[in-house]
Amino acid sequence: MMVWWLVALTLLVAWLLWRSFQLAAMQQTDVTDSLLQQAPADEHQQQLSLLRAELAELRSGVIGVGQRVLDLESRLLEQQQLLAAQGEQLQALQLTEPESKIYSRAMKMVQLGADLEEIMRECELPRAEAELLYNLHQQKS
């Protein structure tokens with residue numbers, strides 16, 4: 001979900017960059033035309049230089065934002081891969097520990113509506129542990 005958001009943000013930045021180039025070109029043409037009619041050639045060159053410098057600043061700013069978006073996207077993908085790997089390790093660990101199987105079974109029984117005595121009998125748990133599991137998971141259900 002977050003990857004699509006980053007892709008959308010990247011597309012938005014690209015569109016803004018394209019639109020800013022269009023506007024800058026239109027403004028540069030308009031300004032150049034009006035300057036040609038009003039001011040001497042030296043002033044035209046100064047205005048043109050200022051406009052070019054502003055356009056270069058805008059370009060570098062948009063490129064920097066785009067690079068940050070790409071960096072964030074790659075970091076997000078790395079985090080998602082790490083999280084998926086940790087989830088798989090956790091599942092494997094839960095399946096290999098016999099005690100966790102008993103507790104998982106007891107939690108499932110609580111969620112399915114089993115009573116305390118049935119949990120103690122089926123999972124062979126002492127009353128204190130069964131009560132603790134029952135009370136903890138009864139509240140979540």
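These are my notebook entries on a predicted model of a protein.

**Ground rules**

I count residues from 1 along each chain as its sequence is written, and side-chain values use heavy atoms, with hydrogens and water left out. As the model is predicted, local features need pLDDT of at least 70 and side-chain atom pairs count only at pLDDT 80 or more, while totals for chains, interfaces and linings use all residues.

**Entry 1: the overall plan**

I began with the helices and strands, which are DSSP runs numbered from the N terminus (helices: H or I, at least four residues; strands: E, at least two). I found 5 helices and 0 strands, so I wrote down the pattern α-α-α-α-α. Next I looked up pLDDT, the predictor's confidence in each residue, from 0 to 100. The mean for the protein is 79, and 77% of the residues reach 70 or more. Among the elements, helix 4 has the highest mean pLDDT (89) and helix 1 the lowest (69).

**Entry 2: inside and outside**

I sorted residues by relative accessible area: buried is under 20%, exposed is over 50%, and partly exposed is in between (1.4 Å probe, protein chains only). Of the 141 residues, 20% count as buried. For the whole surface I noted accessible areas by the Shrake-Rupley method with a 1.4 Å probe, where for residues only the protein chains shown count as cover. The protein exposes about 11000 Å², and carbon and sulfur atoms supply 59% of it.

**Entry 3: helix 4 and the residue after it**

Which residues of helix 4 are buried? I listed Leu116, Ile119, Met120 and Cys123, in a helix that covers residues 116-123. They sit on the same side of helix 4 because they cover an arc of only 100° around the axis, taken from the directions from the helix axis to the C-beta atoms.

Just after helix 4, I came to glutamate 124, which takes a positive phi of about 55°. Glutamate 124 lies in the loop between helix 4 and helix 5. Its relative accessible area is 70%, so I put it down as exposed.

**Entry 4: salt bridges**

Side chains of opposite charge can pair when their charged atoms come close. The rule I used for a salt bridge is a side-chain nitrogen of Lys or Arg within 4 Å of a carboxyl oxygen of Asp or Glu. By this rule I have 3 salt bridges.

- Glutamate 122 meets arginine 105 at 3.2 Å, N to O. This pair links distant parts of the chain, 17 residues apart, with glutamate 122 in helix 4 and arginine 105 in helix 3 (residues 98-111).
- Glutamate 117 pairs with arginine 127, their closest N and O atoms being 2.6 Å apart. Glutamate 117 is in helix 4 and arginine 127 in helix 5, so the pair ties together parts 10 residues apart in sequence.
- Glutamate 131 meets arginine 127 at 3.6 Å, N to O. Both lie in helix 5, 4 residues apart, about one turn of the helix.

I then joined up the names: Glu117, Arg127 and Glu131 are linked in a network of salt bridges. Is arginine 127 buried or partly exposed? At 39% relative accessibility, it counts as partly exposed.

**Entry 5: histidine 137**

My last stop was histidine 137, in helix 5 (residues 127-140). Its relative accessibility is 10%, so I marked it as buried. I looked for contacts, meaning heavy atoms within 4.5 Å. Leaving aside neighbours within four places in sequence, histidine 137 is in contact with Met107 and Val110.
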